[in-house]
Amino acid sequence: MILPWLILIPFIGGLLCWQAERLGNVVPRWIALLTMTLLFVLGLWLWSTADFSLAPAPGTAPQWAAEFQVPWIARFGISFHLALDGLSILMIVLTGLLGVLSVLCSWNEIDKRIGFFHLNLMWILGGVVGVFLAIDLFLFFFFWEMMLVPMYFLIALWGHSGSPGKSRITAATKFFIFTQASGLVMLVAIIALVLIHYNQTGILTFAYADLLNTQLSATAEYLLMLGFFIAFAVKFPVVPVHSWLPDAHAQAPTAGSVDLAGILLKTAAYGLMRFALPFFPDASAEFAPIAMWLGVFAIIYGALLSFAQTDIKRLVAYSSVSHMGFVLIAIYSGNQIALQGAVVQMMAHGLSAAALFILCGQLYERLHTRDFREMGGLWKRMPWLPALSLFFAAAALGLPGTGNFVGEFLILVGSFQVAPWVTVIAATGLVFGSVYSLIMIHRAHFGPAQSDTPIEGLKPRELGMILTLAALLILLGVYPQPVLDTSHASMQGVQQWMSAALNQLASAR
Amino acid sequence: MEPLAVEITSTHFMAMLPLLITAITTIVVMLAIALRRNHALTFILTVIGLNAALISVIPALGVTPIEVTPLMVIDRFACYYVALVLISTLACATLMHAYLGDHRNPKVGYPGNREEMYLLLLLACLGGQVLVSAQHLAGLFIGLELLSVPTYGMVAYAFFNRHSLEAGIKYMVLSAAGSAFLLFGMALLYADAGTMSFSGLGVSLATMGENLLVQAGITMMLIGLAFKLSLVPFHLWTPDVYQGAPAPVAAFLASASKVAVFAVLLRLYEISPATDGGWMNGVLTVIAVASILIGNLLALMQSNLKRLLGYSSIAHFGYLLVALVASEGLAVEAIGVYLLTYTITSLGAFGVVTLMSTPFQERDADGLYQYRGLFWRRPYLTAVLTVMMLSLAGIPLTAGFIGKFYVLAAGVEAQKWLLVGSVVVGSAIGLFYYLRVMVTLFLVEPNLQRQDAPSNWGARAGGVMLLAITALAFVLGVYPQPLLALVQGSVLG
């Protein structure tokens, strides 16, 4: 019974925030904070109590750590079906944590229409939790599309007014159209899958467990896999379809960037692991080399473009493209170690990107610019923030001792056995990573100062957020075992699907 | 040819109750106007009549399916669409009442005679009901003209306004041309088949095959109907008429009028297998793709909300054609669901325009700039328009998503990949202008006093109707099962 509450809490909390605006500006913030804390605590409680050795795997009916089902649209065999396994709980805990942080980081930044802002923020997070829990395909798509609307409002109404020709509304619209259009392609693929299943069995259903047993011809499987892949690739983002991401990040308010980088991108990786690979293992195995090379390309291209940016948020945005490239390689490698690494990388990137965006936001609140050319010499002018930026930049380049190192290392070790060349080239991404991370620090915090006036230091709230993230990132770096244990069963399932198909493909050649 | 032995029993009367009640209401309203001109009284009589007609659909359902004269058949399909036409007429009537002005203060609002509008509305509604029950080309034509002719009057009702008059005349001329095409097509079909009933046509064409006469006839009929549905390339009148017509009339044009015409097109298409041939599907596919793309592209840069909605309705009927071409399995159901969701949505959207233009002034509030920052002045009205825009764009949590889902499902089921592809592309293009409207509502306004809805809009009949429609659009988006069950029961038997 607890699963629907994970979704309902943010939605109800959002409505309360909206209505509480008439009680003053502070009430909505506290309601939002309480809501997110409740979500986070519930997530932690589930993590500590549920049995995550249960996860879907090929051959048998999927098993779940927790499940909830009520009929919804009987005409199409659609039910409100939620389920939890190790992968989803990790993502939900991350969502809860970043939810708390995104409320905190907007505490001073957002000063108008506060109730409506928090309504949108809460509903994004509710939609994301829905995506991580839904195992009815219709329901999954429902949440997938639904979270776009509040995100659109967040960027369009509270975003930064950017440079000419790149307004926040343009960025928000671009984000919406990219994701929605690719989502419709996935909807077509979902319907086609359901109808093929219907023609075989006479049962019209959108249920995950039933659709796993669909027999597909090779062509159909490949096309449907592409339909899913396109939707996930846009959200991922994979390079040819990534162009919405830097724009959206640059214009979004800090909370929007934190959610976008921290969790919205993860929904795509989650979707690939939960749906695309298990439904279409053979086609995915055939497609794997292409996907992995796309990942390599994203790593290098993201890193190069990141290096060339003058806008600090765009720099971090492109670095996300680069980091998610590692996840893409890991997913299609079909190797247990790499897949586990992907999960750690997703968590670590969620934490480090969120921290970097929060730091960017704090800089922006003080300097009112995101442009490197107007920064420089900040190290002398303010305490704490430059040093912490250096820490997270180091984390982003994969310094040992941080979660990012564990993630990238596991991914590279695991993938090397499967695709050595891909791995070798992807590993150069780490070098590029150091280049753009350090240049960011260098340009912003070192060099000649624009003026000598000291800048206001970090408030306890701001410092607390960043230090928490730093502590968690180090914890994940030195003791990732709990995360690995939790995701083990889920990743083993994915690995079995994928490696069976890969072996079959290898023997056929 | 068998002799036409028309026998009318009480069962037939039962089946015809909605039509009869609407007709009686029309006469009562006419007499009431003759006796005493009173806006409020006329409105109340109209609403009572329409509600009674709506309720009488329930007893009519009990005797379906039944042939009432060779011209009409009342089956579950007809009942569903009769109800849909009645509901949208009812919604338009409440909007008109708000729009034309307060009866207590004749200086504010529409300056001329207000009461005849309801008369025209009732007549058009009757035409719509005949149309959806037609099973004979003569019935089709009677219904279509009964629907169209009063609409000319409604569009030009504000005749002292240049735009309204222009729209009325334009609509009349083009619509008459469309009717002429339709009639000629019917004549050609009759010349070939010797019968005018839908099923007779179907049988005759199935046995005798097609020839040039039939093809010409079907094509001309299609042109006539495409005019009424404003499908590309017969769409040119739509934006002008939508812009010129008073807002509640535009709501009627977009909802009841189009629903009725599409329903009869569907019946014709399903019953006469003549239309099942390859070339016909080809033509309809081209029209559908063109309507979707051109409708959406032309809407992109519109700064006039009524024109924008006009173009978007072209695109939406393109989506509906996708389901019509798919024409198997889910298709009929998909059309039923889509028409309902589209009706709700366009009533809502035009409803907001109407209330913003209330009471009647020289010019409707249709410029997009007039909606800038509406959220900070009329938050709930903005919520209504936001839901409607999301619903038109087909975003989850709104009824429009269920409609779009159905259309895609019908297209995929029939494996019409070109059409499915154009729905996807069309929706992506459409998002751009729906979002543009939506975000305009929330932008902070410069300090300018503008035309706004009356501050107590929510307490009036039109406002209550609008809020109810919004709730419906939301509920259907979240829990559509009751509607789906209803539509599933009213497919063509």
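## Contact between chain A and chain B

In this predicted model, 34 residues of chain A and 41 residues of chain B take part in the contact, defined as heavy atoms within 4.5 Å. About 3,300 Å² is buried between chain A and chain B, with carbon and sulfur atoms giving 84% of that area; buried area is the accessible area (1.4 Å probe) that two parts lose on being put together, summed over both.

One salt bridge is counted between the two chains, a salt bridge being a side-chain nitrogen of Lys or Arg within 4 Å of a carboxyl oxygen of Asp or Glu. Arg75(A) and Glu333(B) form a salt bridge, with their closest N and O atoms 2.6 Å apart. On the side of chain A that touches chain B, the elements giving two or more residues include strand S1 (66-73) and helix H7 (168-201) of chain A; helices (H or I, at least four residues) and strands (E, at least two) are DSSP runs, numbered from the N terminus. H7(A) supplies the largest share of that side, 13 residues.

## Salt bridges within the chains

Over all chains, the structure holds 16 salt bridges. In one of them, Arg314(A) meets Asp247(A) at 3.0 Å, N to O. Arg314(A) belongs to helix H13 (residues 312-333) of chain A and Asp247(A) to helix H10 (residues 244-251) of chain A, 67 residues apart. Both Arg314(A) and Asp247(A) are buried, where buried means under 20% relative accessible area, exposed over 50%, and partly exposed in between (1.4 Å probe, protein chains only).

Glu462(A) and Arg366(A) also meet in a salt bridge (2.7 Å, N to O). Because Glu462(A) lies in helix H19 (residues 460-478) of chain A and Arg366(A) in helix H14 (residues 336-367) of chain A, this pair ties together parts 96 residues apart in sequence. Glu462(A) and Arg366(A) are both buried.

Asp371(A) and Arg373(A) form a salt bridge with the closest N and O atoms 2.8 Å apart. Asp371(A) counts as buried at 17% relative accessibility, whereas Arg373(A), with a relative accessible area of 59%, is exposed. In chain B, a network of salt bridges links Glu166(B), Lys170(B), Asp240(B) and Arg307(B).

## Confidence and basis

Chain A has an average pLDDT of 90, and 99% of the residues score at least 70; pLDDT is the predictor's confidence in each residue, from 0 to 100.

Residues are numbered from 1 along each chain as its sequence is written, and chains are lettered from A and ligands numbered from 1 in the order in which they are written. Local features need pLDDT of at least 70, side-chain atom pairs count only at pLDDT 80 or more, and totals for chains, interfaces and linings use all residues, while side-chain values use heavy atoms, with hydrogens and water left out.
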